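Please look over the structure below. This report covers its paired strands and its nonpolar cores.

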Amino acid sequence: MPGRRAPRQDGAVSDPGVPRAGAPRRSGGRARPPHDPADDAPTGPIRAVPGDDRSPDPDPAGPRATGPDPAAADAPPAGRAAARRARSRRRAAAPVTGHGHAHGGPAPPAGRRVRILIAALLVPCAMATLVGVVLLWPGGPSVAPPATAQTPVQGEVTAAQATDCSPGSGAGGCVALVVRMADGPLPGRDLVQVVPVEPGTPTIGVGDDVVLGYSGGDATDPGSYQVVDFQRGGSLLWLTGLFAAAVVVLGRWRGLAALGALVLSFVVLLGFVLPAILAGSNPLAVAVVGSCLIMFAVLYLTHGPSARTSTAVLGTLVSLALIGVLGALFSVAARLTGLDDQTTTLIASLGTGVDARGLLLAGVVIGALGVLDDVTVTQTSAVWELRRADPDMSTAGLFTAAMRIGRDHVASAVNTLVLAYAGASLPLLLLFSLSGQSLGDVATSQAVATEIVRTLVGSIGLVASVPITTALAAVVARRETPEALRV
């Protein structure tokens, strides 16, 4: 009805002559579409959900440069402030378009470039290893065994009786063993062997399987034979089977690959390293080439071809080179000859010149390779797992976190290396402890100084491998693709 005021939406009464905000205006007898109430600014407190952009912006092009907001003008001051905050949050949560640059996110994946760089570093090393194998391969005739070598004959002790070492002396001190030969020139034949009973000789009884050394003389003469050792093939086979079963049960296919890599290591040692040294090649060069060949074959066979494995290979290569250089320098500085009792016996048996110092350095390099593989693979895996757990972690953060793991690992590994060398030299250490010499005299002797140099050089290379491998792994893992991290 004319003259009657229409109620406003907020409950107030408005003048009919004044157009209301949001009310349809008539033009030419036709009503405009009604104003969408969602465009009006809210007049109460607003709770915005981050990332929720379902409420459209009043102006898709952004806030107007000039002109007041009619809805905000009708709202109380608290409502206008809340509306501005809501619009700001919606604009911040909206996806960024155009050519803007975002900072602080993860680095763009560069897996292809990383692999190209790794290949550029490793392929020349692999080619150099193959060339070294070809050049150092023992192509000449095999080295003949020494003339004093004895042929092993398997036998079983069927009887044992105390007797005199010298017939008729009545002094005793020996035991007569009746041994039935299982092979050799007279299989199934019994012979008598007189063995002295001394603190330095083993105790042999009935039923023991022994090994006889046959000199090649009269096969019927007991003097052509000598009891040299026990048979251990059966127990060693059982132990090897138990070890293989434990590795396969725990590691499954990875454990089976590790066993294959172990067999391959022995093939390289027995088929290349030892024959090449016996053929007269430089022992250090043979050890370096053989170690690189074992490293490439074992790591890639066990862990598969990937950027992670290649990083471990790089760290092992650098550490091996460091060990070789330090070993060569300090063996010369300490005037180590490498002529211990075993090496002297070897040279006398071969009758040819062997570089004893090179043989010492070859042992240092090969002995350190196994521990280096353990450290480099562990550090590389730690970096990859850290990156997988936190893809946004920086290169410096990866290095710092993995070094905390590496410090604990290298402390135990160095202790293991020292104890392993000490255990292998335990009889020698006991002998020196009874000699009455001072600690300085014992430590600077040829035999003990050799073990000290071997241990410390290997430990330095082991310690250096942790930061070297960790730094390489942090750089590579930071630029790996997310798909490669899940491998």
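Which residue in E7 does Ala176 stand opposite? Ala176 faces Val194 there. Note that this is a predicted model.

## Paired strands

Strand E6 covers residues 173–181 and strand E7 residues 190–196. The two run antiparallel, joined by seven bridges. The Ala176 and Val194 positions face each other across these strands.

E6 also pairs with strand E5 (residues 151–164). That pairing is antiparallel too, with nine bridges. Here Thr163 has Cys174 of E6 as its bridge partner.

## Gln193

Gln193 lies in strand E7. Its relative accessible area is 6%, so Gln193 counts as buried, the cut-off being under 20%. The Gln193 side chain makes a polar contact with the backbone oxygen of Pro222, at 3.0 Å.

Beyond its neighbours within four places in sequence, Gln193 is in contact with Val175, Ala176, Leu177, Leu212, Pro222, Tyr225, Gln226 and Val227.

## Nonpolar cores

The largest nonpolar core has 50 residues. Leu122, Phe272, Val286, Met295, Val313, Leu317 and Trp384 touch the most other members. Helices H3, H4, H5, H6, H8, H9 and H12 each supply at least two residues of this core. H8 gives the largest share, ten residues.

Leu317 is in contact with Leu122, Cys125, Cys292, Met295 and Phe296, leaving aside neighbours within four places in sequence. A second, separate core holds 15 residues. Among them are Val157, Leu212, Ala219 and Tyr225. Leu212 and Tyr225 are also among the contacts of Gln193.

Methods. Residues numbered from 1 in each chain as written. Predicted model: local features only at pLDDT ≥ 70, side-chain atom pairs only at ≥ 80, totals over all residues. Heavy atoms only, no water. Pairing = 2+ DSSP bridges. Helix = DSSP H or I, 4+ residues; strand = E, 2+ residues; numbered from the N terminus. Buried < 20%, exposed > 50% of the residue type's maximum accessible area, 1.4 Å probe, protein only. Polar contact = N/O pair within 3.5 Å; in protein donor to acceptor, adjacent residues only side chain to side chain. Contact = heavy atoms within 4.5 Å. Core = buried A, V, L, I, M, F, W, Y, C linked by side-chain atoms within 4.5 Å.
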